[in-house]
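Visitor: Please walk me through this structure, one question at a time.

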Amino acid sequence: MSGRRAVVTGLGVVSPVGIGADAAWQALVAGRSGIAEITLFDASAYDVHVAGEVKGFDATQHMDPKDARRHDRNTHFAVAAAGEALRHAGLLGSDDRLDASQADGDRFGIVLGTGIGGIGLIADGLQTLNERGPSRVSPFLLPHMIPDAASGMVAIQYGLRGHNLAVVSACATGGHAIGEAMEAIVRGQADLMLGAGTEAVVVPLAMAGFSQMKALGSPIDPDTGAYQPAMASRPFDATRDGFVVAEGCAVLVLEEAEHARARGATPIAEVIGYGSSADAFHMAAPAERGEGNQRAMRAALERAGIGPDEVDYINAHGTSTPLNDRYETVAIEEVFGEHARRLMVSSTKSMTGHMMGAAGAFEGFVCAKVIQTGCVPPTINLRHPDPELTLDYVPNEARQADVAVALSNSMGLGGHNSSIILRRYEA
Amino acid sequence: MSGERRRAVVTGLGAITPIGNDAATFWTNLCGGVSGVAPISAYDASNEEVRIAAEVKDFDPRDWMDFKQARRMSRFSQLAVAAAAQAIADSGLEVTDANRDDIAVVLNTGGGGIGDVASAERVYLEQGPQRVSPFMVPMLSPSMAACQISILNGLRGPVVTSVAACASGVQAFFEAQRMIEHGDADVVIAGGTESAILPVAFAALANMGALSKRNDDPQGASRPFDAKRDGFVFGEAAGVMVIESAQHAERRGARAIAEVAGGAMTADAFHISAPEPSGYGATKAMQRAMRDAGVEPAQVDYIVAHGTSTPLNDATETKAIHGAFGEAAGRVAISSNKSMIGHTLGAAGAMSALAAACAIRDGLIPPTINYEHPDPACDLDYVPNTARQAPVKVALINGFGFGGQNAVAVFRSLD
């Protein structure tokens, strides 16, 4: 290969557990859940009315009010998180645009994935059409609702003119976005890339669809029977019964290592591996024994050029559905063999819920922070060991540990699998 | 890279389009200057501002899948599954346990299952959340066309969907080429699909002023580069190619018709719907794509233009071609298949890829129809109105999207 390496030099987060990378990280380490009653609309008619909402977010703090009005919430999140990540990497000038002394905009690209894009705008547009007729539908609807509206708007807002697209692979999107961003740097298509995922699906129609799939976790404390939204996501627990819909965005600035060195930026970690596969099995159910997930993890290890026993931590897909958590455990056992017993595996979805197309990017952010800080966030709500699930899921409390290599799994409806591997950067 | 680049060649074609439901018919009609634009049949548009579209005609999903599968699949997925089945059959590829892990799918789209969102929203508003279909979420996901192709054909390599608005379809082909070059797959089923002939999409696009309003002259409505163009005609389609490594094709004795030689993307970073007026981003994308493919402007014989028939796009694209080609711009043949099949958004790049590969294979360049009134801002050779016999060794395909994404791919003859 070319010898070009992709390092992480900036992080940005808008999430149910906090706005800003620091706030979110502190919540994860403290084991604080971001799951609560739905407030974005009246959900009282729904079977399940809890979600991982982003709280206290004001789009106009991050973008022009006119742009904010036209864009979907998923784009708002992306503009905010990208701004934080770029600032963190020292790439923005005083005008909040890319600082040309730090990087060439033509060589700075974006892969900003989403599961569905502007579904809130689509639903609004349909309502307008039905109630008030075609001439009242917004002329801004189409370019703002499409899944790549966020990647376009982030480019516009900050002046990033390189390789630019959105990847879509349902809940595996975030992993694909970071993997593709890494590849773009290694292959020389760009010197800097934003690898990111964004999602804003807490809208009535989407919640109805999720609810009808009968795959949502119940917000009931399994021991006391008390109504407890923060207990709805219980990955790897014997009482787990479904996932929790969440929203948010995470952005990683990936930079060619030599480029980072030349401008004096500090690498937080290096993205060294990426694997992708399909189950070719079923639209909604995962393949037995996590067979596709196994192939994605193996491909990522091969791409990274490391053996399974070099991995210290896995941020699991861990959705809290009965099937996912079982098959993912089996897949880890198959790929890592004996070493699976020594690995730490945790699911931060126990706290954030499932951020869909943003999940893999958020979990990439978690892996970078684990490597940087030597602290592994826990799987909360894990009180009833499932006899079939016997890995070390870092139950309930964060753990100090020296982590040099971390892997993040993401899997999506339709049978997408993506795995990415980050490692402590050594020149 | 060390050693010889793994080359990616085209070995199978499939198409469901407004001018034919297989690749051969599509190509014959494209060269015959046949328009697929007609009054909208998908819904009653008689009182709407825009009443014409380039729809796929006589498509029965049950020719390609069983009834239950069809019922749980959005039309954009159905079109893609059918085009993929054709492409796989055309290539003679047999999927076996020995090769299925090394066959990838890159199937892009602009909007995915927006039609199902619209019908689910109606159910939701009229009957409440409990009546929304449990299949809605997996049906509408933009990646579902790729997944269905993977599931129905047992393909277990990477399955990826990228969205770059109207540039989506172009990106699929150089992504496929990169996967093959880097050994991520031996075979890639690559293409684009779109089906969004819906009142809400037409209302929004019409209110943007993006659509042609020549309702009483459907076949003359899409007129790229013509001085009297007034907007694009919305269309639906799916186009799929089987792309594989040259060694893999040779080993199994497959007939290759062209090589995917490279490509590139850039962003305008300018505006969410208008092209940047200097064409800077589009020029850069063409230059980088040529560099990636190792070809010089003077070697390019044919540009399959984005050519939407909007006043702004066609003038800006012309300017961008001048920027990228300099002197050579005047010598290259340029045509827009959107003059016949309208703008199929996420499938548009796949339509152009089919045109490029067939032009290379047959030495025939399809025309830009409805070209009657020269526009001083569009001063290149647009192959007006009739197809042209000419050897094509290198063809470029352009795709430019809302949000300012520019994608360009390069196809080359095999010798």
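Visitor: Is B:A258 buried or exposed?

Guide: This is a predicted model, in which local features need pLDDT of at least 70, side-chain atom pairs count only at pLDDT 80 or more, and totals for chains, interfaces and linings use all residues. Residues are numbered from 1 along each chain as its sequence is written, while chains are lettered from A and ligands numbered from 1 in the order in which they are written. A residue is buried if 20 or more other C-beta atoms, placed from the backbone, lie within 10 Å of its own, exposed if 12 or fewer, and partly exposed in between. B:A258 has 26 C-beta neighbours inside 10 Å, so B:A258 counts as buried.

Visitor: Which strand of chain B holds B:A258?

Guide: Helices (H or I, at least four residues) and strands (E, at least two) are DSSP runs, numbered from the N terminus. By that numbering, B:A258 is in strand β8.

Visitor: How far apart in space are B:A258 and B:D415, C-alpha to C-alpha?

Guide: In sequence, 157 residues separate B:A258 and B:D415. Their C-alpha to C-alpha distance in space is 9.1 Å.

Visitor: Which element gives the largest share of the side of chain B that touches chain A?

Guide: Residues are in contact if their C-beta atoms, placed from the backbone, lie within 7 Å. On that basis 63 residues of chain B are in contact with 67 residues of chain A. Elements giving two or more residues to this side of chain B include α7 (168-181), β8 (258-267) and α10 (280-293). The largest share, 8 residues, comes from α8(B).

Visitor: At what angle do α4 of chain A and α8 of chain B pack?

Guide: Axes are lines fitted to C-alpha atoms, for helices over the stretch in contact, and angles run from 0 to 180 degrees between N-to-C directions. The axes of α4(A) (residues 119-132) and α8(B) (residues 199-208) are 10 Å apart. The contact is made by A:G125, A:L126 and A:L129 with B:P199, B:V200, B:A203 and B:A204. The packing angle is about 90°.

Visitor: In β5(B), which residue is the bridge partner of A:A166?

Guide: Two strands pair if DSSP finds at least two bridges between them. Strand β6 of chain A (residues 164-168) pairs with β5(B) in the antiparallel sense over 3 bridges. The partner of A:A166 is B:V163.

Visitor: How many residues of helix α6 of chain A are buried?

Guide: This helix covers residues 149-158 and is mostly covered. Among its buried residues are A:M153, A:I156 and A:Y158. The count is 10 of 10.

Methods
Two residues are in contact if their C-beta atoms, placed from the backbone, lie within 7 Å.
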